[in-house]
Amino acid sequence: MGNSESVEAIRSAAKAVNAGDVDGYLRRFAPSCLRWVASVEQPFSLDEVGDNLRQLIAAFAGLRLEEEGLFGTDEFVCAR
């Protein structure tokens, strides 16, 4: 996956969440791909991300993911 493809995959995942499609969001990531969160010592697994995202959507009506900063390489993408 090239840089533009990696970045577009993240944009596509955010669009899935914004449409209420958590499973669609999760399908855009490899299960082995870890998600690091600021101030948390261990990365989250894909299952943990799905569980947390479902809870957030249930708790906050109209929750959306918006892009503030996004860049990537063939292997890594960093999103804010």
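Visitor: Let's start with Glu66. Why is this residue called exposed?

Guide: Keep in mind that this is a predicted model. Glu66 has a relative accessible area of 54%.

Visitor: What makes Arg64 and Glu66 a salt bridge?

Guide: Their closest N and O atoms are 2.9 Å apart. The rule asks for a side-chain nitrogen of Lys or Arg within 4 Å of a carboxyl oxygen of Asp or Glu, so the pair qualifies.

Visitor: And Arg64, why does that one count as partly exposed?

Guide: Arg64 comes out at 48% relative accessibility.

Visitor: How many salt bridges turn up in the whole structure?

Guide: A search finds five. One of them joins the side chains of Asp21 and Arg27, at 3.9 Å from N to O. The cut-off is 4 Å, so this pair counts too.

Visitor: What links Glu8 and Arg11?

Guide: Their side chains meet in a salt bridge, 4.0 Å from N to O. Both residues sit in helix α1, which runs over residues 3-18, and they are three residues apart, about one turn of the helix. Glu8 and Arg11 also belong to a salt-bridge network with Glu67.

Visitor: Why are Glu8 and Arg11 called partly exposed?

Guide: Glu8 has 38% relative accessibility and Arg11 has 33%. Buried would need under 20% and exposed over 50%, so partly exposed is the label for both.

Visitor: Let's step back. What is the protein built from?

Guide: Three helices and two strands. Along the sequence, the pattern reads α-α-α-β-β.

Visitor: How do you know that the radius of gyration agrees with a compact globule?

Guide: With 80 residues, a compact globule would have a radius near 12 Å, and the protein has 12 Å, so the two agree. The C-alpha trace spans about 35 × 30 × 20 Å along its principal axes. As for burial, 26% of the 80 residues count as buried.

Visitor: How much of the contact pattern comes from residues 24 or more positions apart?

Guide: They account for 45% of the contacts with a separation of 6 or more.

Visitor: What is the volume of the largest pocket, and which residues are closest to its centre?

Guide: The volume is about 1500 Å³. Of the 39 lining residues, Ile10, Tyr25, Phe29, Arg35 and Ala79 are the closest to the centre. The elements giving two or more residues to the lining are α1, α3 (46-59) and β2 (77-79). Helix α1 gives the most, with eight residues.

Visitor: Which classes of residue make up that lining?

Guide: There are 24 nonpolar, four polar and 11 charged residues in the lining of the largest pocket.

Visitor: One last stop, Gln42. What makes this residue exposed?

Guide: Gln42 has a relative accessible area of 56%. With the cut-off at over 50%, Gln42 is therefore exposed. Gln42 lies in the loop between α2 (22-26) and α3. From C-alpha to C-alpha, Gln42 is 23 Å from Thr73, and the two are 31 residues apart in sequence.

Key
Residues numbered from 1 in each chain as written. Predicted model: local features only at pLDDT ≥ 70, side-chain atom pairs only at ≥ 80, totals over all residues. Heavy atoms only, no water. Helix = DSSP H or I, 4+ residues; strand = E, 2+ residues; numbered from the N terminus. Buried < 20%, exposed > 50% of the residue type's maximum accessible area, 1.4 Å probe, protein only. 1 Å grid on protein atoms, 1.4 Å probe; cavity = no way out; pocket = protein on both sides within 12 Å on 5 of 7 lines; lining within 4 Å. Points joined across faces, edges and corners; volume = space filled by probe spheres on them. Nonpolar A, V, L, I, M, F, W, Y, C, P; charged D, E, K, R; others polar. Rg over C-alpha atoms; globule rule 2.2 N^0.38 Å. Contact = heavy atoms within 4.5 Å.
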